[in-house]
Structure formats: C-alpha cells, structure tokens
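Dear colleague,

I am handing over the structure below, followed by what was found in it. Please read the notes with the coordinates open beside you.

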Amino acid sequence: MSTAIVVGAGIGGVTAAVALQRCGWQVTVLERAAELGEVGAGISVWPPAVAVLEELGVKGVAKASVQSKPAGMRRPDGRWVVTAPDLGVELPVMIHRAQLHDLITAEFGPAVTVRTGYDVRSVTQDADGVTVDDDLRADLLVAADGIRSAVRTALYPQYAGPRYSGFTAYRGIADVDLDDGGGETWGRGQLFGFARLIDGRFYWYGTANQPAGATGEPAVFGSWHDPIPRLIAGSEKILQNDIYDLTLPLVPFARGRVALLGDAAHAMTPNLGRGACSAIEDAGALGRHLMRTDDPVRALTAYDAERRPATTKLVKRSRSVGRLAQAGNPVLCTVRDGLFAVGGKLMALRARR
Ligand SMILES: Cc1cc2nc3c(=O)[nH]c(=O)nc-3n(C[C@H](O)[C@H](O)[C@H](O)COP(=O)(O)OP(=O)(O)OC[C@H]3O[C@@H](n4cnc5c(N)ncnc54)[C@H](O)[C@@H]3O)c2cc1C
C-alpha cells in the first residue's frame with residue numbers, strides 16, 4: 001500500500017488526508033499542536049469547495065451551514081451601497097470552523113493515523129521516498145503546514161514568503177438576538193462583516209489598517225451602524241490576526257515527492273473568503289491526480305500545473321480587493337462606493353433580464 005505523510009492538520013491537511021485515504025493510501029498526519037481543532041470563528045465556504053467535500057464523502061456540511069441574506073455592502077452609517085441578492089450572484093455558506101474541521105476528520109478511517117504534538121523539523125527526499133526528522137518514511141509528503149511552512153522554506157530557502165498586507169483582522173462569535181442577516185460595511189481603512197451561524201449566533205470580522213504586531217481593540221467600530229457595536233460587545237472572546245499573504249510569484253507546489261497545499265502554497269488575504277476553500281480544492285485535485293497514475297511525481301507535477309495558476313489569480317484578486325476595501329483616502333472611498341452602487345444597479349438589471 002502507498003504511504004503518505006501530511007504535515008499540518010488545519011482544514012487543508014485534514015481534507016488532504018481524507019482525499020489520500022480515498023485513493024487507497026495509508027496516511028500519517030503530523031500536527032504540532034497538542035490537539036486537533038480549529039479556532040472559534042466562522043468561515044465562508046464557496047460552492048466549488050462544498051462540491052469537493054461532497055465528492056470526498058464529507059457529510060453534514062449543508063446541515064451545519066447557513067446562507068446569509070441579505071448580503072452585500074453598507075456604509076458605516078448603515079445605508080446599503082449594494083445588496084448581493086439583487087445581483088443574482090452565487091453566495092457562500094457560513095459554518096463554524098471547528099464544526100467544519102470536525103465534519104472532515106469524522107471521515108478518517110483506519111488508514112489515517114494522527115500524531116499530535118509532532119513538530120516536523122526536517123524533510124529529505126530521494127528517488128524512492130520522503131523522510132521526516134530521520135524518524136518517519138513515506139512515498140509522498142503533503143506540506144499543509146500553513147503560511148510559515150517550514151517544509152516550503154526547506155525546499156525554497158530563497159523565497160521571500162509572507163508579506164504583510166498593512167491591516168489586522170479581529171474576529172468573534174456573538175451571542176446576540178438580531179433580526180439582520182449580515183453583510184459587509186466598508187469605511188475608510190476599516191471593514192466589518194457579519195453573518196448568522198446555524199445555531200443562531202453571529203460570526204463577525206473587522207479589519208483595520210495598522211503596523212504589523214500592534215495590538216488593540218476593535219474600538220474603531222464603536223460609532224458604526226447597529227448591530228456592529230452590539231456584536232462586538234456580545235462576544236466573549238476576540239481573536240486578532242495580522243493579515244499576511246504570500247509573495248508573488250508563488251513557488252511550485254510540487255518538488256519531487258513533496259507537495260505544498262493550502263496556505264503553505266498560496267496564503268491569500270481573506271478578502272474573497274477563499275483561502276480555506278482553495279485548500280479544500282487543492283486536496284480534491286491532489287486526490288484526482290493520484291488516482292490517474294501510479295507515479296506520485298507525475299501526479300504532483302499535474303497537481304501543480306492545475307492549482308498554481310488558479311490560486312495565483314486568487315492571491316492577486318484578494319490583494320486587490322483588500323487594497324480597495326482598506327483604502328483610507330476619503331475621495332477614493334467616495335468614488336469606490338459610488339462605483340459599487342452603479343455597478344450593483346447594472347448587474348441587478350442584467351440579472352433581472
Ligand atoms: C481573518 C481571516 C478570515 C478568513 N476567512 C476565510 C473564509 O471565510 N473562507 C476561507 O475559505 N478562508 C478564510 N480564511 C483563510 C483560511 O483561514 C486559511 O486559508 C486556512 O485556514 C488555511 O488552512 P491550512 O490548513 O492551509 O493552514 P493552517 O490552518 O495554517 O494549518 C496549518 C497547520 O499546520 C500545523 N503546523 C505548522 N507547522 C508545523 C510543523 N512544523 N509540524 C507540524 N505541524 C505544523 C499548524 O499547527 C496548523 O495546525 C481566513 C483567514 C483569516 C486570517
């Protein structure tokens with residue numbers, strides 16, 4: 001039986017483990033953290049990623065998720081600039097991260113072994129296989145070890161890696177009673193979004209321009225429209241992450257018998273809500289290519305050819321949307337909001353026709 005090691009048990013790593021298991025591989029997942037799991041936040045999952053999860057046999061995503069309505073964009077005073085339902089565009093579903101992670105790991109069968117508390121320090125390969133820390137050996141290794149991937153650094157020591165976006169993100173889950181489906185509000189150098197979860201609570205996120213490493217409170221949203229201050233006040237715990245993406249051009253996602261997957265390969269700013277979705281799609285593609293050939297090196301080359309161009313576009317688009325969303329210049333913001341309003345009306349007209 002072919003064997004694989006997956007480094008990292010985030011959403012990308014666990015989905016890759018399920019995909020490899022479906023190909024008939026024996027999989028060892030190595031995770032640095034003491035326990036498997038995800039942070040207390042929501043996540044938007046777009047239809048292509050939902051389709052991959054279904055294809056991989058992950059059950060229950062539809063039942064555990066909810067589609068937010070109305071969704072669209074508001075001004076800080078609460079006036080809608082554009083609403084997504086008018087546009088007839090496809091929307092993602094919203095799900096709690098931990099729930100999504102649990103649904104994926106629930107598919108682990110006897111072919112998947114998980115070792116937590118395992119911090120991978122070195123990866124070497126030869127013509128026949130891959131060795132981790134002079135300890136474990138396998139036919140293939142999937143590096144799903146996140147934006148600061150040690151495996152990627154070992155493969156491509158010259159690569160510049162993470163690049164600070166200029167903004168930080170706050171996230172929380174609020175237990176509040178609201179009659180508001182959610183959406184995003186764009187201000188000057190700040191953005192706030194929220195969406196209902198299946199259990200009635202609300203997931204929210206807010207971004208603010210600031211230097212990397214600065215800590216703070218999302219007090220900047222205190223004067224924004226209802227229910228934003230209530231959502232912040234109604235959250236027990238607030239997460240803060242400075243937002244980085246990966247330097248372009250991205251490095252190849254395959255080198256011999258080692259594949260990069262998820263944020264290790266293509267970390268992007270969260271402005272399109274596609275990072276984890278792309279990791280899930282990577283896992284689906286990896287499984288498909290491994291099914292087609294007995295030669296893992298050929299399969300990984302095909303995986304890189306499919307996924308690198310697609311995710312490069314997303315890294316670029318996310319970065320551009322991030323720049324627009326975080327614009328601080330008042331004139332630029334007025335022009336931006338006006339263009340969105342006009343564009344929204346045109347799209348709505350087209351959708352109605
Ligand atoms: C504010 C914010 C909002 C977002 N919203 C969305 C959204 O709505 N939709 C969406 O699709 N994406 C979203 N994303 C992006 C998404 O969170 C990431 O793209 C996704 O979680 C990446 O998953 P991953 O498995 O590739 O990496 P990670 O989740 O980073 O997992 C990497 C794992 O590897 C482990 N690890 C690291 N190094 C080692 C080592 N040496 N040995 C062993 N284990 C190791 C880590 O402990 C970790 O568990 C958002 C991101 C942010 C910051």
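Predicted model: local features only at pLDDT ≥ 70, side-chain atom pairs only at ≥ 80, totals over all residues.

Sorted by class, the contact of H9 with H10 comprises nine nonpolar, three polar and five charged residues.

As for the ligand, 30 residues surround it, and the closest are Gly12, Glu31, Ser44, Arg97 and Asp263. A polar side-chain atom of Ser44 is placed 2.8 Å from an oxygen atom of the ligand, while polar backbone atoms are involved at Val120, 2.9 Å from a ligand nitrogen atom, and at Ala276, 3.0 Å from a ligand oxygen atom.

Some backbone features also deserve a look, given that most residues other than glycine have a negative phi, and most peptide bonds are trans. Asp226 and Pro227 are joined by a cis peptide bond with omega of about 10°, and Pro227 sits in the loop between strand E15 (202–209) and helix H7 (228–233). Leu248 and Pro249 are likewise joined by a cis peptide bond, with omega of about -5°. In the loop between strand E9 (130–132) and strand E10 (136–138) lies Asp133, which has a positive phi of about 50°; Asp134, in the loop between E9 and E10, also has a positive phi of about 50°.

Best regards

Methods:
Residues numbered from 1 in each chain as written. Heavy atoms only, no water. Nonpolar A, V, L, I, M, F, W, Y, C, P; charged D, E, K, R; others polar. Near = heavy atom within 4 Å. Polar contact = N/O pair within 3.5 Å; in protein donor to acceptor, adjacent residues only side chain to side chain. Helix = DSSP H or I, 4+ residues; strand = E, 2+ residues; numbered from the N terminus.
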